[in-house]
Amino acid sequence: MNEASPIIRIDNVTKRFGQSVVAVSEVGLEIREGEFFALLGPSGCGKTTLLRMLAGFEIPTEGEIYIDGQPMTGVQPNRRPVNMVFQSYAVFPHMTVFDNVAYGMKVTGVAGPEMRERVEEALELVQLAGFGDRKPDQLSGGQRQRVALARALVKRPKVLLLDEPLSALDAKLREAMQMELVRLQHTVGITFVVVTHDQSEALSMADRIAVMDRGAVKQVAPPADLYEFPNSRFVADFIGRMNLFEGKVVNANPDRLTLAVDGIGTIEVPGPPGTAMDSVGVAVRPEKTRISGLHPGNGQIAIEGVVEAIAYQGNESHIVLDLGDGARIAATLQNSSRTTTPVAAIGDRLWASWAAADTLILSD
Amino acid sequence: METWRRNPLVFWIFLVPPTIWLAAFFLVPLGLIWVFSFGEKRGLVDIEITWSLANYVRALEPLYLQIIAKSLWMAGLTTAICLVVAFPVVFAISFAPPRWKPILLLLVILPFWTNLLIRTYALIAVLRTRGYINFTLEWFWDGGNQILTAVGLGDLQLLGASFQPLQLLYNNTAVVFGLVYVHLPFMVLPLYASMERLDKSMIEASLDLGASQARTFFSVVAPLAKPGIVSGLIITFIPAMGSFLTPNLLGGTDSQMIANVIERQFKSANDWPFGAALSFLLMYATFGALAMRSLLARGSPGTEHGA
Ligand SMILES: Nc1ncnc2c1ncn2[C@@H]1O[C@H](COP(=O)(O)OP(=O)(O)OP(=O)(O)O)[C@@H](O)[C@H]1O
Ligand SMILES: [Mg+2]
């Protein structure tokens, strides 16, 4: 990505509702120009509130938001260089598609052929050319959303804000719209900030993702970094599937850590220098975990267990081994051929193993 | 519910008493009045049904047309003022914290708990020459005079030689004021209902697209609240048009409305046939208004259903 100046700078912003509800807590973020940025987190973590503060519908209790270098305190929503696509789309039901898209220009005095041209252009962009005369109740959910998109894009905002833009669509359409949004963002080159609670959506669309938990931003990283190098138990657990164990650092050499892990025993991993002698989370992804009948040999971390469950999911199967003492480990196996035979049956004693380098050490 | 649907007899049995009630005490008297309107006054209590249109012709005399026009104007003005006043009230309630809404709505309909006559007399106590408004004004006048005296300008009598109370009662303004006061809840409630149905993100979307608050109101809120506005206009206008107590108590000699004339026909003038004809003219006008409402409502989009 280009290292352009941030188009949005969120500077230590806190939002409280009343005395007790802290919806957003001391968030600092920089969103770069031209970026597809996702705000990801579980329900109620404050994503919408943060987005609404960018749009100007909520006012930060503390901190400042800068858009394009300008502080936004006191700037009304209708004066901000951002536009929003609402979760409910909020397409005006009493106006035609054309009038909906034209609305944002009419109210700011863009009229005549220029307005007409821009509306047609925007409708074409979202593949709704020829739908201008329809009323919103003659459109499908997906089409209404495109109207909402066109209506915002036609304003040529510096930043487009989207709140759960795909949540009202069915699974197939959602997938198509994910690609559509990415294509659109490339075409128009506008910064997109998308709120979602769907991690696969964020991973597949965004250039960078901020993961939020209870009002705070836990990690900001590109999708692959977020997946492979989560910085906390929360992010590790929230993004994808994860085998998560608790452990203690018993010995820290400059580049190797010796850990005592509950349910697994003592393992040695290439460790980040400077890890304190403390409790840490020890994690490995199921798809990096292998299952074998025999001990896999040296260089691997291996542990024996009893097959507790096998979940067939078409493209892959999940095998869960019971390690004793309530500890479990899951492994994902690709069903890469139609004749892949099941490697295990419930009750079998098998080895789960993974490369030491694939072990994640989480101190937060 | 289910048994009702399966056993229509139960349904009919429940329907019979109210039907008889309506027929005996509403439709029949109404029919009688309608028949009277084609009659002629013979004696003190005798009415002869001559099926003449004389009463209707008389009702269209300039004198009465003028009163009808005046009533239309006063009721229309009342309705318009109610609309203008109700919108901010409705906004305030609609955007209030959820736990405040029922309380605020209760305050709106609180006046209904008091008899109209008592409320009107209370209004007189506020508006009359020696009422609260004039007392308050006099208090300010005294205060102003004392300040002027203190700075040595007392002798110039800048505020006049003595306090002149405002004549707030017994004129058309007082009648409209009273009508607005009485009918405001009729406007607030349907407006509130349609504001509650309105998806608030419509308003935010309009602001987000660069529209001013005023533009948002006229281009988005008002069109989407149209069903409520139309209902409010109608159910405010109709009773306002038919009011007789308020013009009677708050108005002057020239403030009588059509309902006052009708009342007089049935009482002091004892001319039931003419009163009946006037009543029915008023009713026809009402039906006309309702027909217009359904015409207007047909073209309205309502609020958006789902996403
Ligand atoms: N107007 C409000 N008044 C009081 N509390 C609010 C208000 N808006 C949001 N909250 C609270 O702030 C927190 C964050 O809400 P927010 O809507 O930002 O969550 P979210 O991450 O968008 O969740 P979701 O994925 O469910 O949409 C929640 O606990 C919510 O209850
Ligand atoms: Mg939300």
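**Figure 1. Residue classes around ligand 1.** Ala, Val, Leu, Ile, Met, Phe, Trp, Tyr, Cys and Pro count as nonpolar, Asp, Glu, Lys and Arg as charged, and the others, Gly among them, as polar. By that scheme, the shell around ligand 1 holds 4 nonpolar, 5 polar and 2 charged residues. The model shown here is predicted.

**Figure 2. The shell around ligand 1, residue by residue.** Chain A supplies Phe17(A), Val21(A), Ala23(A), Ser43(A), Gly44(A), Cys45(A), Gly46(A), Lys47(A), Thr48(A), Thr49(A) and Glu164(A). Phe17(A), Val21(A), Ala23(A) and Cys45(A) are in this shell and count as nonpolar because Phe, Val, Ala and Cys belong to that class. Lys47(A) and Glu164(A) are also in the shell; Lys and Glu count as charged.

**Figure 3. Polar contacts to ligand 1.** Which part of Lys47(A) lies 2.7 Å from an oxygen atom of ligand 1? A polar side-chain atom does. For Gly44(A), a backbone N or O atom lies 2.7 Å from an oxygen atom of the ligand. Cys45(A) also takes part through its backbone: one of its polar atoms there is 3.2 Å from a ligand 1 oxygen. Taken alone, ligand 1 exposes 630 Å², and the protein buries 60% of that. Two elements of chain A each give two or more residues to the shell: strand E2 (21-32) and helix H1 (47-55). H1(A) gives the largest share, 3 residues.

**Figure 4. Contact between chain A and chain B.** Chain A brings 26 residues to the contact, and chain B brings 25. The size of an interface is often given as the accessible area lost when the parts come together. Here the two chains bury about 2,100 Å² between them. Carbon and sulfur atoms account for 59% of that area.

Figure 5. How many salt bridges are counted between chain B and chain A? The count is 1. Arg52(A) and Glu204(B) form a salt bridge through their side chains, at 2.7 Å from N to O. On the side of chain B that touches chain A, helix H9 (200-208) and helix H10 (213-224) each give two or more residues. H9(B) gives the largest share, 7 residues. By class, this side of chain B has 10 nonpolar, 10 polar and 5 charged residues.

Note on methods:
Residues numbered from 1 in each chain as written. Chains lettered and ligands numbered in written order. Predicted model: local features only at pLDDT ≥ 70, side-chain atom pairs only at ≥ 80, totals over all residues. Heavy atoms only, no water. Near = heavy atom within 4 Å. Polar contact = N/O pair within 3.5 Å; in protein donor to acceptor, adjacent residues only side chain to side chain. Areas by Shrake-Rupley, 256 points an atom, 1.4 Å probe, with all protein chains shown as cover. Helix = DSSP H or I, 4+ residues; strand = E, 2+ residues; numbered from the N terminus. Contact = heavy atoms within 4.5 Å. Buried area = accessible area lost by both parts, 1.4 Å probe. Salt bridge = Lys/Arg side-chain N within 4 Å of Asp/Glu carboxyl O.
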